[in-house]
Amino acid sequence: MPFEDASAQDTGRIAAVPSPPLPRLWISLYALTILLACLHTGQSIVFFDGIPGDLADARVTNCILEHGFQSILGYARLLSPSQFYPVEGTLVYTDNHLGTLPIYAIYRWVGFSMERSFQGWFLTVIALDAASLLFLFRRLRISRALACPLAFFGASSCSLVLKCGHPQVLPYFPFILALACFLSFLRSADARLLAWAVIWFAYQNACYMYDGYFSVLILTAVLVVFMALTAPRDFWPLVSQSARRNAVFLSCTIVLSMAGLALLYAPYAGFSSKSGTRPMAELLLLAPNPGAWFSASAQSAFYSAQKFYKPGGYIIENTLFSGWVAWAMTLVALGTGLRASRPSDYRLAAVLAGSCVLLVGFITTWRGTTGNAYLWVADHISSLRAFRSFARIAYLLFVLQAAAIAVFLNAVYVSTRSRLVRVLTVVVAAAIAVEQLSLGQFHYSPWIAQLRVAGLVEMWRKAGDHQVLIFAPGYSNQGAETINTDSWQAALSLHRFSINGYSGNQPANYAQFLNTPSVENAKALLTTLGLNVSAVSLVTDWPEAVKARLGIQTYTTSARIVPKAKATEITLSPGEEATLPITLHSEEPGDVPCDVLHIYASYRLFDTRGVNVIDPPSPRTFVHTVRPGDSETIALRMQAPRTPGVYEAKLSMVHEGVAWWADIGAPGSIVKFVVQ
């Protein structure tokens, strides 16, 4: 049994056993494992000198880290980033990255640029994840031949490579260390290990609040399953004795950790009490269905065509496949452990595998939009809705999977003398690692971000060079999130302020401008904020040279393209997809290159109460170039919701990330939508 020695077994007590020193060969293989994880998860950095993700979501993380670094230097106040001027305390709108800020700051201190420091932060965090998994497996006394490939799986899964466009999910090494200490606590009943688990848990919250919250769910599940399957009868008396012996250390640890968590969450709680939490509709949209766990990334080397997620779902949150071999071994470990004797490694493997399966079942929507236990809980405890993208727990469940498989295969490995069986266990572990191979990663180039900022700074200076910037280029082929992030990064580069901003939330009254950053909306917002236009630099475009180099196209539109349908009613089955013949009537003075500008034909669905139905999201129909007058017939893609009833489909053009044109003067036809 892991964590036991002979003397401990003789007395009925369980004691931790230190791991033997590592031979140099295995130190080299451990280093190679960490290197391969960095190369795989950070492949766009290593091979293309890029930054995983896009110029909006990924770059916001870079901006938050840069703001934190500038706060250390005294250029900014920590809780009040230079975006969303003049509103203060807006850091609580999103992840603050305080736990990993020192990593980024080190790169900045030695002279790296903002983007290069972000690349360094990225690779360092991946290395820490992989190293922490190797530490976990050392604590579990897993054979090194098994530990290396399974650590690669836990730190560099194919799903995680895709998800790196949201780099805030990466720093989960504190969870791994908390899990290592917690498992040691369960096997030894040593309260000091519980204290260390609490310390790492608290630190995880400072690195990424989502993973801090997920840690509670996972560690609770592990405790419950452990108590049900394998805990000795004297477990709690032994814990009580240990807690009394280590009362000072345990109490100080818990008090300080809880105080740190209170300081971390208090600002966000204050913000949420005023603005409210996420609506249930957002959680419904992002909830995984069973097929999501078997849907692979488009960049998967072996399973790119494997798609089982629900139609219309948010794909990047629902490609959670960890490999057929990994799932098969998880179920084998669970089944074998349930039949094994209680005090055995097979039972420990069953505890870990059972916890993983239990949590997958808990957060998955099994029927319609209501058959989800987690959503039921979130519907009754509104504060849980703040963690709307709860499918991200998958990346921690992969760690749990890796640990379960490692313990199971190791139990097989050490219990047999057959060389063939031992080789097969290593082959299985290697197969799990190979299944994770991902060939490609979305990324942007650091020089593009730098060029965009330099161009905007140039225009800022031409527009008065005031301390505050408001960037309002209007309609273009650039998403509103990218435009607003350009403005914030420009403000960071000059230690100034931007009224634009991009975050998980936004201040009151900012929505119309942030969604449609036009001059009209900019002036309206300035009036609402009571700011003098003459004291703000109003920039309405990028420099022509920058636009030409980056393919930026601006467009002046009056939003006068209207989708029209002759049909007044359409009947579909729940979830059925169909097309509706429509024409587009344009009163624009010239051609509108909709495909270049990301303008689509679509619709919004409303129920009989007038509530917008977003499950499934309305599909977008490409319309290419729209000329003045009436277009030829176009097949508008539609999909029925899963709940029978009568709905209204209100047709509209939608400028993705900017506005629905029905809201700004161009409403289309209304079609009765019968689902039966």
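Where is the place of T621? Here are my notes on that and a few other parts of the model.

1. **Ground rules.** This is a predicted model, in which local features need pLDDT of at least 70, side-chain atom pairs count only at pLDDT 80 or more, and totals for chains, interfaces and linings use all residues. Residues are numbered from 1 along each chain as its sequence is written, and side-chain values use heavy atoms, with hydrogens and water left out.

2. **T621.** To settle the opening question, T621 sits in the loop between β13 (612–613) and β14 (625–626). Strands here are DSSP runs (E, at least two residues) and helices likewise (H or I, at least four), numbered from the N terminus. T621 has a relative accessible area of 6%, so it is buried; the cut-offs are under 20% for buried, over 50% for exposed and partly exposed in between, with a 1.4 Å probe and protein chains only. Setting aside neighbours within four places in sequence, T621 is in contact with Y600, A601, I634, A635, L636 and R637, where contact means heavy atoms within 4.5 Å.

3. **The strands around β17.** Two strands pair if DSSP finds at least two bridges between them. Y600, one of the contacts of T621, has V654 in β17 as its bridge partner. Strand β12 (residues 599–606) and β17 pair in the antiparallel sense over 8 bridges. V654 also has a bridge partner in β18, namely W660; β17 and strand β18 (residues 659–660) are joined by 2 bridges and run antiparallel.

4. Strand β17 (residues 645–655) pairs with β19 in the antiparallel sense over 6 bridges.

5. **A separate parallel sheet.** An open sheet is formed by 3 strands in the order β5-β3-β6, with parallel pairing. Its edge strands are β5 (497–498) and β6 (537–539), each pairing on one side only. Strand β3 (residues 468–471) is joined to β5 by 2 bridges, and V468 stands opposite F497 in β5.

6. **Y475.** This residue is found in strand β4 (residues 475–476). Y475 counts as buried because its relative accessibility is 10%. Y475 and L597 are 122 residues apart in sequence, while their C-alpha atoms are 8.0 Å apart in space.

7. **Nonpolar cores.** A nonpolar core is a set of buried Ala, Val, Leu, Ile, Met, Phe, Trp, Tyr and Cys residues joined through side-chain atoms within 4.5 Å. The largest one has 129 residues, and those with the most contacts inside it are L136, F137, I218 and L397. Helix α18 (residues 394–415) gives the most to this core, with 17 residues. Apart from it lies another core of 34 residues, among them I570, V613, V623 and W661. Not counting residues up to four places away in sequence, L397 touches I218, W293, C356, L359 and V360.

8. **Helix α13.** The expected span is 1.5 Å times one less than the number of residues, so the 29 residues of α13 (residues 247–275) should span 42 Å; the end C-alpha atoms are 41 Å apart, which agrees. Even so, α13 bends by about 35 degrees at Y265, with a proline, P267, following within four residues. The bend is the angle between axes fitted to the seven residues ending at a residue and the seven starting there. The buried residues of α13 are L250, T253, S257, L261, L264, Y268, F271 and S272, and they pack against α10 (191–207), α11 (209–229) and α12 (235–245). Just after α13, G276 takes a positive phi of about 85 degrees.

9. **Helix α6.** R141 follows α6 and has a positive phi, near 60 degrees.

10. **Cysteines.** The structure holds 0 disulfides, a disulfide being a pair of cysteine sulfur atoms within 2.5 Å. For C38, the nearest cysteine sulfur, that of C164, is 11 Å away. The sulfur of C158 is also 11 Å from its closest cysteine sulfur, in C164, so the distance is too far for a bond. C38 is buried, with a relative accessible area of 12%, and C158 is buried at 5%.
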